[in-house]
Amino acid sequence: METTAVEYVVFALCAVIVLAGAFGVIWFRNPVQAALSLVATLFGVAVLFLNMNAQFLAAVQVIVYTGAIVVLILFVIMLLGVDVEEDLEEEPLVGQRVIALVIAAGVAGLVVAGVTLGGADLVSGARSVTGSIVDDVSNIEQIGRLLFTEYVFALEITAVLLTIAVIAAVVMSRRPSEVEPLPAENASMEPPEPMEPEAEEVFD
Amino acid sequence: MSAPFAGSLLVGQTGDPLLFSVDAVAVGIVILKVLVIFALLLVATMFMVWFERKLISDMQNRIGPNLAGPFGILQTLADGIKFFFKEDVIPDKSQRKVFILAPYLAFVPAFLLFAVVPFGGDFNGGNDGMVTIFGRDTYLQLADPPIGVLFILAMSSLAVYGAMLAGWSSGSKYPLLGSVRASAQMVSYEAALGLSAAAVVLVTGTLSTHSMVTSQAGDGPWGVLPNWGILLTLGVPFVIFVIAGTAELNRPPFDLVEAEQELVGGFHTEYSSIRFALFFLAEFMNTITMSAIFVTLFLGGPSGPAFFGPGWMWGVIWFLAKVFIFLFMFVWFRATLPRMRYDQLMDLGWKVLIPLALGWFLVLASLEVADARQWNRWVVGAIAAVVLVGGAALLRKSVRSGAALRAEEVLD
């Protein structure tokens, strides 16, 4: 199938939005603005999915990532009041900037090398994995059929895993009612406070 | 939004026949539809504000707006003009950029949602909702993506950003509390909304809003009743969807987001002038759109008998009449029901609506399987109902014992 002019325009617009959003995530010092940039990126990716005839993926991308996960991130930022700007000068790991730069350059180099050296087959403009396999059947129908025939065990195992995760979260968030509070002598059993070493000296 | 969908409709020749071959006329028709929907939605919102005020004042033995125009019908217009000339205040402590962005984030999903709602069409005599504009066959709806219902859910999940960011960026505590409430409420009720919409998807066998309406336009149970989603899903998902939809809109009795006694004005306390007007408009526009979605999913959309004149006209008439029922219902809710408490709201959402929607979905699915395998529908239905009741009893017991444990802890 030929790529139409509309698809090129949509791709170009989305590429700009996705890249600008991704850049914004690391550029903004304010966590809420960074989260909003993430929304822009995810939304752009969703429209790119649409552009490649993967309507179901696009909808799920918006519902799950922009509609739920980033909302949760924002929720935590709001509730915990982390809306102050982060100190970006301090490096928790020594030399992490240099390492990050090297890795980023390496990955970018690999991608460019793959695209340029991979030959004509690699970047043919043809739809690869996202498009419909059979042209007359809708995307959702095909995904459904594959999920419940060929990949049914993988699907069931994922479902079990998610159920376990949910139950585990509920169990862990329960306060045990039987446990006695620790006596004062055992205070050293508690994990050391990471904050403010000066405060301890004052108590000593 | 029509550009991305134009590409998606190339595969498999489904969807709006207008877009099978895209030329200047087709693009013109799409632009015309966008303009008509935009204008009609704005005008409808204006009338909705007037209608709500007038109806509530009727229910409360007041007169309501009666000075601007006949029956005060131009009151909203007067208010809008006033909003434009008010001073636009941006608080010092606010996050300026986000503060300015938030009203638009509330406004845009309200418009986009309407793109997939079929608002007219000729559904009689095998026409399948087709109308002819400028010699081209098309549907009376802006876009008919194959993911119609998912698009609705996606857009309503985006609507939370407006309220959330508005409250946070105001830099003030009441708006922040309001927006935390809003986001928790909307995220909670989205699950119930999605599960009850899935019930309709199950019985109609399609996600596209247009096919959903066409399948509901046929003859229903016993050939007398309409083939509407509300009957095919046996009513329960409809009730859940209406409750969850009302909560999603933050309308009474679920308007804790702007509980005046507790939170001044909720998330839009710090907003003034035209920015406040945008929130106001978005809320009423969402009310209209949500009513239209109720109609599309459960009441057969614009389908209905045509008596005389052109068939497409009756589609629009039926659609408006059905939407009007729900608009009236929303106003009625607001005039009669007291606001819920926050814990009641969360209990209703998580412990009643979501389990019920899930259980009902399973019942409907088992009925579908029974039909496919040609088992006895009634026996399967009875067994499924017994399982549902058993599950409900277990859930009720666990909720009760959990509440009792918590009460004990409080007493200790």
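**View 1. Who touches A:A46 in this predicted model.** Skip the neighbours within four places in sequence, and A:A46 is in contact with A:A58, A:Q61 and A:V62. A:A46 itself belongs to helix 2 of chain A, which covers residues 31-51. Is A:A46 buried or exposed? Its relative accessibility is 3%, and the cut-off for buried is under 20%, so A:A46 counts as buried.

**View 2. From A:A46 across to A:L93.** These two residues are 47 residues apart along the chain. How far apart are their C-alpha atoms? The separation is 34 Å.

View 3. Look at the contacts in chain A between residues at least 6 apart in sequence: 55% of them join residues at least 24 apart. Chain A exposes about 15,200 Å², with carbon and sulfur atoms supplying 71% of that area.

**View 4. B:R251 and its surroundings.** Now we move to chain B, where B:R251 sits in the loop between helix 10 (236-248) and helix 11 (260-263). With 1% relative accessibility, B:R251 counts as buried, because the cut-off is under 20%. Which residues is B:R251 in contact with, leaving aside neighbours within four places in sequence? They are B:E52, B:T246, B:E283, B:F284, B:T287, B:F330, B:V331 and B:R334.

**View 5. A close look at B:R251 and B:F330.** Here the side chain of B:R251 reaches the backbone oxygen of B:F330, at 3.4 Å. B:F330 is also among the contacts of B:R251 listed for the previous view.

**View 6. Stepping back to chain B.** Chain B holds 15 helices and 2 strands. Its radius of gyration, 23 Å, is close to the 22 Å that the globule rule gives for 412 residues, so chain B is as compact as a globular protein of that length. Along the principal axes, its C-alpha atoms fill a box of roughly 65 × 60 × 45 Å. Of the 412 residues, 52% count as buried. Among contacts in chain B with a separation of 6 or more, 76% are between residues 24 or more positions apart.

**View 7. The surface and charges of chain B.** Chain B exposes about 18,900 Å², and 69% of this comes from carbon and sulfur atoms. The chain has 25 positive and 28 negative charges, and their mean positions are 5 Å apart.

Notes:
Residues numbered from 1 in each chain as written. Chains lettered and ligands numbered in written order. Predicted model: local features only at pLDDT ≥ 70, side-chain atom pairs only at ≥ 80, totals over all residues. Heavy atoms only, no water. Helix = DSSP H or I, 4+ residues; strand = E, 2+ residues; numbered from the N terminus. Rg over C-alpha atoms; globule rule 2.2 N^0.38 Å. Buried < 20%, exposed > 50% of the residue type's maximum accessible area, 1.4 Å probe, protein only. Contact = heavy atoms within 4.5 Å. Areas by Shrake-Rupley, 256 points an atom, 1.4 Å probe, with all protein chains shown as cover. Lys, Arg positive; Asp, Glu negative; His and termini not counted. Charge placed at Lys NZ, Arg CZ, Asp CG, Glu CD. Polar contact = N/O pair within 3.5 Å; in protein donor to acceptor, adjacent residues only side chain to side chain.
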